[in-house]
Amino acid sequence: VEGGARPDPNDPGAELANSYESVNLVRSDLILEFDKRGVEIARFQREVESLEASLAAAEETKTIAEAEANRWKRAREELEKQREEREAQRVAERAAADADAEATARALATLEAAMGEEKK
């Protein structure tokens, strides 16, 4: 172990004491590393929970936006359908008015011709 205590050459139990100290240093290093990893794991877990909440909110917003877009699309399609129906109705009304005007013009021409013959 780096940085461990060096045994005193005159002490017969120094080797044993140094071994215990080295084990304690390694053990302390391991405990510190596990604590550090535990803190990192807890931080990552909080980050994952935050990201999951953000994802859920984004998915909800997306669903709402898609529903709103579909609603507007259906409204636009209905408006276009109504416009087409109105245009077809106008065309039909114009055709009917033109036919009436033509029939009236023919009737007037026939009356005019008849009146012209009566005057002769």
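Begin by selecting Arg 71 and Trp 72: Arg 71 lies over the face of Trp 72, at 5.0 Å from the ring centre, where a charge sits over a ring if NZ of Lys or CZ of Arg is within 6 Å of the ring centre and within 35 degrees of the ring normal. This is a predicted model, in which local features need pLDDT of at least 70 and side-chain atom pairs count only at pLDDT 80 or more, while totals for chains, interfaces and linings use all residues. Residues are numbered from 1 along each chain as its sequence is written, and side-chain values use heavy atoms, with hydrogens and water left out.

Select next Arg 43 and Phe 44, where the charged end of Arg 43 is placed over the ring of Phe 44, 4.6 Å from its centre.

Arg 37 is bridged to Glu 33, with the closest N and O atoms 3.1 Å apart, and both residues lie in helix H1 (residues 14–119), four residues apart, about one turn of the helix; helices are DSSP runs (H or I, at least four residues), numbered from the N terminus.

Further along, select Arg 90 and Glu 87, whose closest N and O atoms are 3.4 Å apart in a salt bridge.

Finish at Arg 106 and Glu 102, a salt bridge with its closest N and O atoms 2.5 Å apart; these two residues are also in helix H1, four residues apart. Arg 106 counts as exposed at 56% relative accessibility, whereas Glu 102 is partly exposed at 42% (buried is under 20% relative accessible area, exposed over 50%, partly exposed in between, with a 1.4 Å probe and protein chains only).

Terms used. Salt bridge = Lys/Arg side-chain N within 4 Å of Asp/Glu carboxyl O.
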